[in-house]
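Here's a quick tour of a protein model, written for someone who likes cut-offs spelled out. Have a look at the structure first, then read on.

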Amino acid sequence: MLDFFTIFSKGGLVLWCFQGVSDSCTGPVNALIRSVLLQERGGNNSFTHEALTLKYKLDNQFELVFVVGFQKILTLTYVDKLIDDVHRLFRDKYRTEIQQQSALSLLNGTFDFQNDFLRLLREAEESSKIRAPTTMKKFEDSEKAKKPVRSMIETRGEKPKEKSKNSKKKGAKKESSDGPLATGKAVPAEKSGLPAGPENGVELSKEELIRRKREEFIQKHGRGLEKSSKSTKSDAPKEKGKKAPRVWALGGCANKEVLDYSAPTTNGAPDTAPPEDINLIRGTGPGGQLQDLDCSSSDDEETAQNATKPSATKGTLGGMFGMLKGLVGSKSLSREDMESVLDKMRDHLIAKNVAADIAVQLCESVANKLEGKVMGTFSTVTSTVKQALQESLVQILQPQRRVDMLRDIMDAQRHQRPYVVTFCGVNGVGKSTNLAKISFWLLENGFSVLIAACDTFRAGAVEQLRTHTRRLSALHPPEKHAGRTMVQLFEKGYGKDAAGIAMEAIAFARNQGFDVVLVDTAGRMQDNAPLMTALAKLITVNTPDLVLFVGEALVGNEAVDQLVKFNRALADHSMAQTPRLIDGIVLTKFDTIDDKVGAAISMTYITSKPIVFVGTGQTYCDLRSLNAKAVVAALMKA
C-alpha cells in the first residue's frame with residue numbers, strides 16, 4: 001500500500017498529489033529535496049526517511065520530479081513500473097501545459113490525474129500478483145523422451161570413429177585455411193587430403209577463388225606481400241621508413257639508423273612521439289588554462305576535430321554544415337550519448353583519489369540530472385557533462401550547515417560557559433598537531449584556550465601537548481593580555497578514564513573563565529569496539545559543542561570506511577536516544593597530495609558534513625579553510 005505519490009516541478013510547485021495511508025507528504029518530500037536533490041546526490045533513486053522509503057524519478061526535459069513513498073518494511077515490486085507508467089502518461093497528457101514553462105500557467109492549470117493514477121496503480125498491483133505457476137517438468141516434455149531408444153544405446157566403437165572423422169575434417173579445414181595465407185604454394189597438394197567425392201568441384205572453385213584473391217592482393221600491395229608476416233609494431237613506422245632511404249641515400253651512416261628498429265628515426269619521430277610528451281608536459285606545468293584539456297579529451301571533441309580537417313581540405317559547404325550539425329544542440333541527451341564521457345570521468349575521479357563507489361555514484365547522479373535535457377547551442381556532450389559534474393562537486397563541498405566557530409564561541413561567552421570541541425580519529429592522522437594549530441588560530445583571535453589531555457593511552461601524548469602549550473604560551477604570554485593566561489594544559493597522567501578527565505577539564509574551564517576547551521582523544525581504529533565505546537561515552541557524558549573527525553588527505557576508499565564506521569559506532573554505543581555524531585571534518589596532510597584531492601569529496605559526500613579546517617604544513621600558521629572551487633579545479637586538473 002502506498003503512502004503517497006506526488007508530482008512537482010523543480011521550481012517547487014506541486015502539480016498533483018495522491019494521499020494514501022499517510023496524512024501528509026510534506027516532511028519526507030522536503031527531506032528528499034534538502035538531502036538529495038539540492039546536494040546533487042541523485043546517484044540512487046531511493047531515499048530513506050524515518051520509517052518511509054521514497055523512490056523518485058527526474059524528468060529533465062520538462063523539469064519535473066515524480067516521488068512515491070511507502071513503508072520501509074514493505075517490499076513492493078511494482079513501484080518502479082508504476083512510477084515509469086505515471087511519468088509517461090502524465091507527460092504525454094499534459095505536455096502543452098508543461099511546455100509553457102511559466103509558474104502562472106502551472107498554477108492556473110488543472111491536472112485531473114486521479115482516475116488515471118488509480119487505474120495505473122490497479123494495473124501495476126495486478127501485474128505483480130499474476131504470475132505463471134511453477135510446475136514440475138514431466139519426462140514426456142523433455143528432449144530425452146523424444147529420442148528413440150536405439151539412439152541412446154552406446155557402443156564402444158561408434159564414438160571413437162565419429163571423433164576421428166571430426167578430427168580429420170577439422171584438421172583438413174585448418175590446413176585449407178592456413179595453407180594459402182602462410183605459404184601460398186602447393187595448395188592442391190594440401191587439399192588432396194580431403195575426402196574425395198562429389199565435393200571436388202566445390203573444392204576447385206574454392207581454389208580458384210583463393211588464387212583470384214591472392215592475385216588481387218598482390219596487385220594492390222605489390223612488394224609488401226613478403227613483408228606482411230612482420231609484427232604490427234614494425235608496420236607503423238614502415239611507411240616513414242620508405243622515405244628515409246631515399247632521403248638519406250647519400251649519407252654513410254644511413255644503414256645503421258635504419259637497422260635500429262628499437263626507436264623511430266629522427267625525421268619520423270616528431271610525427272609519433274611528441275603528442276603524448278606535449279600532453280604530459282602541459283599537464284604537469286603551471287599553466288592553469290590548460291588544466292581542462294585532459295578531462296575534456298573525449299570522443300566527441302576528437303571526432304569534432306577530425307571532422308574539421310577534411311572539411312578544410314575539401315572546402316565544400318557540406319563539410320561546414322556537418323561541423324555545425326555536430327555542435328548545435330538540437331537533441332536531448334540520452335544515456336548512450338553520455339556513457340563514454342562518464343566512463344572517462346569516473347576513471348579520472350578514481351585516479352584523483354576519489355573512492356570508487358563515490359565516483360560511480362557521482363557519475364550516476366550526473367547522468368540522472370542530464371538525461372532527457374536538451375543541449376545548448378554550440379555545446380558538446382563532453383562540455384555539458386563536465387560542467388554538470390563540476391557544479392555537482394562544488395555543491396557537495398559546500399555544506400548544508402556552515403560551521404562558524406568564532407560566532408559560536410562568542411555565543412557561548414554570552415551564556416558564560418566554555419565552548420567545547422572534541423577531536424577524534426584513527427591513529428597517526430595528526431590530531432594533536434592540528435589541535436595545536438587550531439589553538440594558535442583561536443589565540444590570534446583573542447580567545448583563551450584550555451587543552452584537555454584525554455589521550456591517556458599513547459606514550460608521549462601528554463608530553464607532546466605540554467610542549468605545544470609551552471610554545472604557544474611563549475607566543476602569547478600573559479604580559480600581552482593584561483596578565484591573563486591564554487593557554488593552559490589540563491592533564492591527569494596516563495591510564496585514567498578519558499571521559500572523567502574531560503568532565504573535570506570543562507568544569508575547570510568554567511571556573512577559571514576559559515573561552516574554549518579543546519579535548520584531545522586517543523587514536524583508535526574504527527573496528528576496535530572497546531575504544532569506540534569509550535569514545536561514545538566521552539561524547540555522551542560531556543556533550544561537546546563540536547565533534548571534529550580528523551582524517552588525512554592521503555586515503556582513498558579508507559576514508560569512506562573510517563567515517564561510516566565512526567558514525568555507526570557512535571550511534572550504536574551511545575546511551576542517548578538521539579546519539580551525537582560527527583559534526584565536521586579536519587583534513588590533514590593536504591600539502592602531500594599535490595592535485596589528488598579526492599579524499600575531500602569522499603568524506604563530504606558520505607557524511608554530508610563540512611570540512612572545517614585543512615592542515616597544509618608543520619607550522620602553527622599552516623591552517624586553512626576549504627575553498628570548494630579551488631578543490632574542484634584541482635580535481636578536474638589533468
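## Around T607

Buried means under 20% relative accessible area, exposed means over 50%, and partly exposed is in between (1.4 Å probe, protein chains only). T607 is buried, with a relative accessible area of 12%. You'll find T607 in helix 28, residues 598-607; helices are DSSP runs of H or I with at least four residues, numbered from the N terminus.

A polar atom of the T607 side chain sits 2.7 Å from the backbone oxygen of M603. Setting aside neighbours within four places in sequence, T607 touches L563, N567 and I585, where contact means heavy atoms within 4.5 Å.

## Ground rules

The model is predicted, so to speak of local features takes pLDDT of at least 70 and side-chain atom pairs need 80 or more, while totals for chains, interfaces and linings use all residues. Residues are numbered from 1 along each chain as its sequence is written, and side-chain values use heavy atoms, leaving out hydrogens and water.

A cavity is a set of points on a 1 Å grid over the protein atoms alone where a 1.4 Å probe fits but cannot get out; lining residues have an atom within 4 Å of a point. Two cavities of 30 Å³ or more turn up, with grid points joined across faces, edges and corners and volume taken as the space filled by probe spheres set on the points.

The second largest cavity holds about 40 Å³. Eleven residues line this cavity, with I396, Q398, P399, S608 and K609 nearest its centre.

How values were computed. On a 1 Å grid over the protein atoms alone, a cavity is a set of points where a 1.4 Å probe fits but cannot get out, and a pocket is an open set with protein on both sides within 12 Å along at least five of seven lines; lining residues have an atom within 4 Å of a point. Helices (H or I, at least four residues) and strands (E, at least two) are DSSP runs, numbered from the N terminus. A polar contact is a pair of N or O atoms within 3.5 Å; within protein, one must be able to donate a hydrogen and the other to accept it, and residues adjacent in sequence count only if both atoms are side-chain atoms.
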